[in-house]
Amino acid sequence: MVPERNGKKGKTSPLFWHYPRYHGSTCKPGVSIRDGNWKLIKFYEYEKVKLYDLIEDPYEKNDLAKNNSAKVRQLEKKLVAWQTKMKAKLPVPNLNYMPAIKK
């Protein structure tokens with residue numbers, strides 16, 4: 001099923017999200033793409049991806065990445081192309097970071 005635009009079914013452009021930093025919530029730095037039914041989320045900190053079919057699983061409960069490596073590669077390729085085009089800043093490790101010691 002393809003989303004409708006102006007009352008007509010048709011192909012829509014992919015949507016991209018880029019969040020390269022920590023911002024006080026439970027979200028970790030990452031990037032994601034929604035392309036048709038598919039949503040891929042890539043977490044920088046864990047070097048992990050999650051893949052969802054939003055028509056079949058709108059609540060994102062069933063990660064399909066493990067069994068759909070071709071779709072993961074396809075969407076990751078689109079993400080990298082978009083990040084390159086947008087000159088997106090990627091997170092880099094803070095080598096001077098020293099976690100607070102809890103007493």
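Predicted model: local features only at pLDDT ≥ 70, side-chain atom pairs only at ≥ 80, totals over all residues.

Student: How many helices and strands are in the protein chain?

Tutor: The protein chain has 1 helix and 6 strands, where helices (H or I, at least four residues) and strands (E, at least two) are DSSP runs numbered from the N terminus. Starting at the N terminus, the elements run β-β-β-β-β-β-α.

Student: Which strands make up the open sheet, and in what order?

Tutor: The open sheet has 4 strands in the order S3-S4-S5-S6, with antiparallel pairing; two strands count as paired if DSSP finds at least two bridges between them. Strand S3 (15-19) and S6 are at the edges with a single partner strand each, so one side of each has no neighbour in the sheet. From one strand to the next the twist averages 10°, with axes taken as lines fitted to C-alpha atoms, for helices over the stretch in contact, and angles running from 0 to 180 degrees between N-to-C directions.

Student: And how many bridges join S3 to S4?

Tutor: There are 5 bridges between S3 and S4, and within this part of the sheet Tyr 19 stands opposite Gly 30 in S4. Strand S4 (residues 30-35) then pairs with S5 over 6 bridges, and S5 pairs with strand S6 (residues 48-53) over 6 bridges. Lys 39 in S5 stands opposite Arg 34, and Lys 39 also stands opposite Tyr 52 in S6.

Student: Which residues take a positive phi in the hairpins?

Tutor: In the hairpin of S4 and S5, with 2 residues between the strands, Gly 36 has a positive phi near 65°. In the hairpin of S5 and S6, with 4 residues between the strands, Glu 47 has a positive phi near 50°.

Student: Why is S5 largely enclosed?

Tutor: Strand S5 (residues 38-43) has 5 of its 6 residues buried, so the rest of the structure largely encloses it. Buried means under 20% relative accessible area and exposed over 50%, with partly exposed in between (1.4 Å probe, protein chains only).

Student: Now the helix: where does H1 lie?

Tutor: Helix H1 (residues 69-86) lies across S3, S4, S5 and S6, and runs at about 110° to S4. Leaving aside neighbours within four places in sequence, Leu 79 is in contact (heavy atoms within 4.5 Å) with Phe 16, Val 31, Ser 32, Ile 33 and Leu 40.

Student: Which residues are in the largest nonpolar core?

Tutor: That core has 11 residues, among them Trp 38, Tyr 44, Ala 65, Val 72 and Leu 79; a nonpolar core is a set of buried Ala, Val, Leu, Ile, Met, Phe, Trp, Tyr and Cys residues joined through side-chain atoms within 4.5 Å. H1 gives the most to this core, with 3 residues.

Student: Last topic: where does Lys 28 lie?

Tutor: Lys 28 is in the loop between S3 and S4, and at 27% relative accessibility Lys 28 counts as partly exposed. Its C-alpha atom is separated by 9.0 Å from that of Tyr 46, 18 residues apart along the chain.

Technical notes. Residues numbered from 1 in each chain as written. Heavy atoms only, no water.
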